[in-house]
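Have the sequence and the 3D view open as you read.

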Amino acid sequence: MINTAKINRNVEAALADRQLQRNLCSTLGKSVRMRDDSVAEVPNWEELSRYARDVKLHTLSRLDHYLAMLEEKITAQGGKVIWAETGQEAVQFIVDLARQRKIGKLVKSKSMLSEEIHLNSMLGRAQIESIETDLGEYIVQLAGETPSHLLAPALHKSQKEIADLFVRNLGMTPSGDVHEITSTARRVLREHFLSAPIGVTGVNFGVAETGTIVLVENEGNARLSVSVPQIHIALMGIEKVIPRTRDLAVFLKVLIRSATGQKMTSYISCLNGPRRPEELTGPDEFYLVLVDNGRSKILADRFLRQTLSCIRCGACQNICPVYQRIGGHAYESTYQGPIGAILTPQLTSLAAAPEHAFASSLCGACQEVCPVQIEIPHILLKLREQAQREKKTKASQLSLERLVMGGWALVMCSPRLYVVFSRWTRRLWRWVGDIRGLGRFLTPLTHWYKHREIPELAARSFRELYRSREE
Amino acid sequence: MKVSLFVTCLIDQFFPEVGLSTVKVLEKCGVEVSFDPRQTCCGQPAFNSGYVDESREVVEHFLAVFDDSEHIVVPSGSCATMIKTFIPGLFPEGSSKRQRAEEVGQRTLELSDFLVSVLGIQTTGARFPQAVTYHDSCHLVRELNIRSQPRQLIHGVEGVDFREMENCDRCCGFGGFFSVKSPDVSAAIGDEKVQWIRESGADYVISTDVSCLMHIDGLMRRNQVPVQTMHLAELLAQFDD
């Protein structure tokens, strides 16, 4: 359950946090420009993006079929597929495997799904050490925090904060230099790579026809996580399957350009099961954990289903005016910004995340940049509708807002009432306006007046002026 | 040509001069304007907040008023979006109400779109020797894909010094009830918009939506920013009768 009061406090704190505001402004501004320039280089972007959307929607409509195909191919390659209905089941599988093999440590590359199922803290409880190897994720882990952006998890931190963290936790010489920070992380993480028997990764795409797991990254830590440890466990949300290798070419293009503005990332790993006898590197054992954790519930609705098309590029976060102001942590959820606003309440429930669908001006910039064309604003509206309907069925939640809306509808359905109401509002407005601007103390005018002057209510309405003009 | 004016509730109550300018401009373009005083609201406030049943009641009234209109002209991108994009979806697919709503939607046009796309107007004969910039309203630009029409009309105003602002199509932060439910975020977004408006060097910011302008104006007055807001219809009506 995400607490509304907590979100409000977060928002207030985020807006007052000058470091955060600077980071958001510079990083997101740059990401938006790089994405725009990169997309502009592709003349048939719209066509590719529509293709990617259509493939996703098709796949989601036959998800059982493609997942079965993926399982069959992976099994044939000597891998093992585990179906986890809940996050807990996925965690339990990893815990059991580690215990069975008497393994106390694993290395992990970046995976939002692992954040969603709280893998690190659950492993910690089972006395299994989990080391994040993506630099941003490692920073966030050292600080005991959670990621605040899909791609840049430590976006909220300043260079100085990171340097201090490294000095405190890793004994780095306090110079604050970026090179010092990265080489320290590299040195420390190398030791972990060499000593951890299990590597856990996420999955960007699972190709059904070939049983290929695709990992997209820039740091090489995912590549190391799947080549040094003896066991590779890949965590994959069931929506990440795509049918064919030829689709992959399109998805990589739209994902990478939308995410970082690059033409290609430094590393793209295509993995087919465990190491074969003739191969030099790779794990001896490969496990693919397919996680549902609320996803099949979303599939049930033909319109809302498109939420699951998301390929986690982060472009909607970068462009979102709300996210640009409050950052990720304010949302109190794993998924933040526009995609988080539609995904979070659907993965859990509208009652558990009551603010998410309303935390938007519905400006639609997210949809405009979405590489798989998810209709985020229209989904937000649908979720708002569902939220109000759910509240309506609970008699205890008969709110003032609902009464006002009922009254509003009554007035707006009757031209006569509308005129009477408008006349009286005008009188009242003038009256309270006259007593030293008392109007500003009436909610929601208070909220308006907090930052903005209140518009003048015209002395005569348009219809009055129009009638006198006619006469 | 005859058009029915849907003036919108916000213009009716707060900005009647925008409605009068709309009539003035349409008449100058040789259009016969009718205003049906039974009209109230398009139902958007309730719809955007998730109160779909309440919204539908108001929409049914709206459709009853405008059922017979040949062209419905709306001086608001947001209300035009409600009518064209969202209203049909309030009724079950295949129903007669849905069909009627779709027909009304097809006959509805935002003011600048009507002037440019239907009438082919290049200038209304307005003269306004001032520096102006233009704010694209989110609904107009991203739901209705109308970018060039308002700009063409602004360029048609004699003496106008048009200065495109940076990020002209980014949200101003208004967002309907969002502006009072999340006032801090709404205003923070708006402050950035105001910054871009200032940087353009314009003395006037023009838009097709009084809702955005009301928010931007409130912020600018609070912070003593010496820029005026003006609806596109008011700019186009800057000619002698």
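How many residues does the largest nonpolar core have, and which residues have the most contacts inside it? This is a predicted model, and in it that core has 205 residues, with Leu235(A), Val289(A) and Val291(A) having the most contacts inside it. Helix H12 (residues 210-222) of chain B supplies the largest share of this core, seven residues. As a general point, nonpolar side chains in soluble globular proteins tend to be buried together.

Leaving aside residues up to four places away in sequence, Val291(A) touches Leu235(A), Met236(A), Gly237(A) and Ile238(A), among others. Ala84(A), Gly87(A), Ala90(A), Leu113(A) and Ile117(A) are also touched by Val291(A).

Now to the sheet in chain A. Six strands make up an open sheet, in the order S1-S10-S7-S4-S2-S3, with parallel pairing. Strands S1 (80-84) and S3 (129-132) of chain A stand at the edges with a single partner strand each, so one side of each has no neighbour in the sheet. From one strand to the next, the twist averages 25°. Inside the sheet, strand S2 (residues 105-108) of chain A runs parallel to strand S4 (residues 198-201) of chain A, and three bridges join them. Leu106(A) has Ile198(A) as its bridge partner in S4(A).

Helix H8 (residues 135-142) of chain A is mostly covered, with seven of its eight residues buried. Among the buried ones are Leu135(A), Tyr138(A), Ile139(A) and Val140(A), and also Glu137(A). The cover includes the elements of chain A in this table.

| Element covering H8(A) | Residues |
|---|---|
| Helix H7 | 119-125 |
| Helix H9 | 159-170 |
| Helix H10 | 178-195 |

Strand S3 of chain A is also part of that cover. Just after H8(A) comes Gly144(A), which takes a positive phi of about 70°.

Where the two chains meet, 47 residues of chain A are in contact with 50 residues of chain B. Elements giving two or more residues to the chain A side include helix H1 (4-16), helix H18 (376-393) and helix H20 (415-434) of chain A. By class, that side has 28 nonpolar, nine polar and 10 charged residues.

Finally, is Ile197(B) buried or exposed? Ile197(B), in helix H11 (residues 183-200) of chain B, is buried because 26 other C-beta atoms lie within 10 Å. Although 62 residues separate Ile197(B) from His135(B) in sequence, their C-alpha atoms are 8.5 Å apart. Ile197(B) touches Thr133(B), Met165(B), Ala202(B), Val205(B) and Val227(B), not counting residues up to four places away in sequence.

Technical notes
Residues numbered from 1 in each chain as written. Chains lettered and ligands numbered in written order. Predicted model: local features only at pLDDT ≥ 70, side-chain atom pairs only at ≥ 80, totals over all residues. Pairing = 2+ DSSP bridges. Helix = DSSP H or I, 4+ residues; strand = E, 2+ residues; numbered from the N terminus. Axes fitted to C-alpha atoms, helices over the stretch in contact; angles between N-to-C directions. Buried ≥ 20, exposed ≤ 12 C-beta atoms within 10 Å, placed from the backbone. Contact = placed C-beta atoms within 7 Å. Nonpolar A, V, L, I, M, F, W, Y, C, P; charged D, E, K, R; others polar. Core = buried A, V, L, I, M, F, W, Y, C linked by C-beta atoms within 7 Å.
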